[in-house]
Amino acid sequence: MIEVDLPRTYPTLSLFNKRGPYHLQLREVLEAYAFYRPDIGYVQGMSYLAGMFLFYMDSYDSFLCLANLLHSHFFISLYMMNIGQILRHVKIYDLIFARNLPSVYEIFQNENISAGQYLLDWFMTLFTKVLPIKIAHRVWDAVLLEGEEFIYRAALGIIKTFQKSLESNFETCVIFLRSISRQDIVEEEFFS
């Protein structure tokens, strides 16, 4: 599975495909983690996290950072597929969503759009699949500085940024939520 996911990691950058300069390093980091934690192994989404670390450091330090990030309470529950804890994260998000963007939340409820349809992928990749890389880097900085709380704020920020586009029907909203990475996001607007 690791070899299949390598070229899918930041595909527009071509850094992790077979001819890319970081292909071997990403594979080494992911294989090392799978051996280090066989109870978790490799889970799709990890390649985006490891890839982000490889942008800034060597394989060994990337492995250490990946292991530390994944062993935080927030991520360990996601990557071990602890359904109870995943539902807890979704419920926390839903409460924040309902409180801060009630009109969009109501539309989502009326259209039966569950946070589970988009949120897990956002969380497991720490927004690296859904946000432009420059904005994802800033989100990571904020998460590492401020903690888990910022993960929920970033998810809400995505919804708020595209609030007008999401005031629609089920099909339009779901398609839009899955294609956000292709949308233009104004960095300063997102972080305001």
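User: What should I know about the model before I start?

Analyst: The model is predicted, so local features need pLDDT of at least 70 and side-chain atom pairs count only at pLDDT 80 or more, while totals for chains, interfaces and linings use all residues. Residues are numbered from 1 along each chain as its sequence is written, and side-chain values use heavy atoms, with hydrogens and water left out.

User: How many helices and strands does the protein chain have, and what makes a stretch count as one?

Analyst: Helices (H or I, at least four residues) and strands (E, at least two) are DSSP runs, numbered from the N terminus. On that basis the protein chain has 13 helices and 0 strands.

User: Why is Gln25 called partly exposed?

Analyst: A residue is buried under 20% relative accessible area, exposed over 50%, and partly exposed in between (1.4 Å probe, protein chains only). Gln25 has 26% relative accessibility, and therefore counts as partly exposed. Gln25 lies in helix α2 and, leaving aside its neighbours within four places in sequence, is in contact (heavy atoms within 4.5 Å) with Leu54 and Ser59.

User: Why is Ala98 placed in that class too?

Analyst: Ala98, which is found in helix α6 (residues 83-100), has 27% relative accessibility and so counts as partly exposed.

User: What makes helix α3 mostly covered?

Analyst: In helix α3 (residues 46-54), 9 of its 9 residues are buried, among them Tyr48, Leu49 and Phe53. What covers these buried residues includes α1 (2-5), α2 (23-36), α4 (59-70), α5 (73-79), α8 (119-124) and α9 (133-146). In the protein chain as a whole, buried residues make up 47% of the 192 residues.

User: What makes a set of residues a nonpolar core, and which members of the largest one touch the most others?

Analyst: A nonpolar core is a set of buried Ala, Val, Leu, Ile, Met, Phe, Trp, Tyr and Cys residues joined through side-chain atoms within 4.5 Å. The largest one has 70 residues, of which Tyr79, Phe108, Tyr118, Trp122, Phe127, Leu131 and Ile159 touch the most other members. Helix α10 (residues 149-161) gives the most to this core, with 8 residues. Leaving aside its neighbours within four places in sequence, Trp122 has contacts that include Phe127, Ile159 and Leu177.

User: Why is Phe127 called buried, and what is its phi?

Analyst: Phe127 has a relative accessible area of 0%, and so it is buried. Phe127 lies in the loop between α8 and α9 and has a positive phi of about 70°, although it is not a glycine. Most residues other than glycine have a negative phi.
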